[in-house]
Amino acid sequence: MNEQELGKLMGQMLGDIGGAFSIPLVRIGVQLGLYEHLARSGPSTPAELASAKGLAERYVREWLCSQAAANYVTYDAESGAFSMSEEQAAVLADPESPHYLAPSFDSAAAALDNHPLVQQAFATGGGVDWGEQSECLACAVAKFFRPGYKHNLVQHWLPALDGVVDRLEAGVEVADVGCGHGISTMIMAEAFPNSRFVGVDFHGPSIDAARQHAADAGLPNLRFETSMAASVSGRFGLITMFDCLHDMGDPVGAMRSLRASLAEDGACMIVEPMAGDAVQDNLNPVGRLFYAASTMVCVPTSLAQEVGAALGAQAGEAELRRVVVDEAGFSSLRRAAETPFNLILETRP
């Protein structure tokens with residue numbers, strides 16, 4: 001046995017175990033407003049933070065120590081106070097930050113809730129329908145993706161498509177397929193008031209949530225419908241698909257149907273998780289996260305539907321090209337933009 005390699009693996013496992021135990025602690029910090037208060041008010045002792053939030057000091061003290069050990073907050077031994085740096089606040093305390101990652105712990109909690117269902121599917125080879133998963137999963141996913149959409153969609157991704165922004169500004173029909181809670185749809189509808197947007201998702205409760213969000217936003221150029229992707233009909237100048245194609249049971253059938261609903265000069269933007277084409281390309285921290293999410297959510301969701309293609313969250317561009325161009329009949333597929341977490345692909349009918 002290589003003692004050096006053993007030590008490295010044990011060190012990694014220790015960090016992973018600490019991260020696993022952090023799931024409820026981070027959620028407590030978000031839900032009780034502890035991170036937000038520390039970021040806003042500055043250094044606080046446990047007693048000061050507990051008093052400000054109306055909480056028991058002994059619990060707050062232990063929570064703060066755990067967060068300092070995780071480097072999620074900062075401890076000053078001389079004053080006995082805890083604080084958050086700008087970087088810590090951007091990741092844990094500011095939902096408007098492009099770096100906000102706290103909702104990922106909600107997604108991890110949902111994966112733990114769904115563990116028995118997915119483990120059973122390992123034995124049967126069947127799927128776990130999106131509607132069978134933990135109720136908080138759809139909410140957690142919406143919150144997780146929101147920062148990326150808010151800070152990239154209008155600013156970078158749509159401008160990377162050939163001529164699409166000009167058409168959106170002039171006015172065009174747009175379908176946002178697999179819209180979930182409608183975050184992406186509302187961002188586009190607000191940015192382009194001359195265009196008309198319909199958000200579509202097969203999960204009824206998500207569409208109910210999207211309609212509530214839309215009512216609160218008061219956007220007149222926006223509506224939501226419950227529908228499978230293959231049932232979407234119209235004549236759209238733009239179709240968008242955010243982190244959903246790989247979840248579909250029949251992605252080829254869905255893309256064929258959507259191609260028929262695109263105007264001749266229309267475009268389809270497909271946003272998928274960043275992935276290389278070979279397994280070894282994805283053996284990194286981002287790939288680790290997406291393979292885990294794919295095992296617990298994406299593959300079970302696809303296998304619960306007709307066909308059950310189960311592309312997985314790390315399908316890669318070559319596999320997506322096979323689906324979209326070779327089998328669904330689109331004429332082209334190009335990588336228009338990318339982030340460390342996203343592939344942004346443009347395809348034309």
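A polar contact is a pair of N or O atoms within 3.5 Å; within protein, one must be able to donate a hydrogen and the other to accept it, and residues adjacent in sequence count only if both atoms are side-chain atoms. This is a predicted model, where local features need pLDDT of at least 70, side-chain atom pairs count only at pLDDT 80 or more, and totals for chains, interfaces and linings use all residues. Residues are numbered from 1 along each chain as its sequence is written, and side-chain values use heavy atoms, without hydrogens or water.

**View 1. Q88 and N71.** The side chain of Q88 reaches the backbone oxygen of N71 at 3.1 Å. Q88 lies in helix α5 (residues 86-92); helices (H or I, at least four residues) and strands (E, at least two) are DSSP runs, numbered from the N terminus.

**View 2. The buried face of α4.** Helix α4 spans residues 57-69. V60, W63, L64 and Q67 are buried in α4 (under 20% relative accessible area, 1.4 Å probe, protein chains only). Seen down the axis of α4, the buried residues fall within an arc of 100 degrees, so they line one face; the arc is that of the directions from the helix axis to the C-beta atoms. They pack against α1 (3-31), α2 (34-41), α3 (46-53) and β2 (81-83), with contact meaning heavy atoms within 4.5 Å.

**View 3. Strands β4 and β5.** Five bridges join β4 (residues 196-201) to β5, and the two run parallel. Strands pair if DSSP finds at least two bridges between them. F197 stands opposite L222 in β5.

Note on methods
Expected span 1.5 Å × (residues − 1). Buried < 20%, exposed > 50% of the residue type's maximum accessible area, 1.4 Å probe, protein only.
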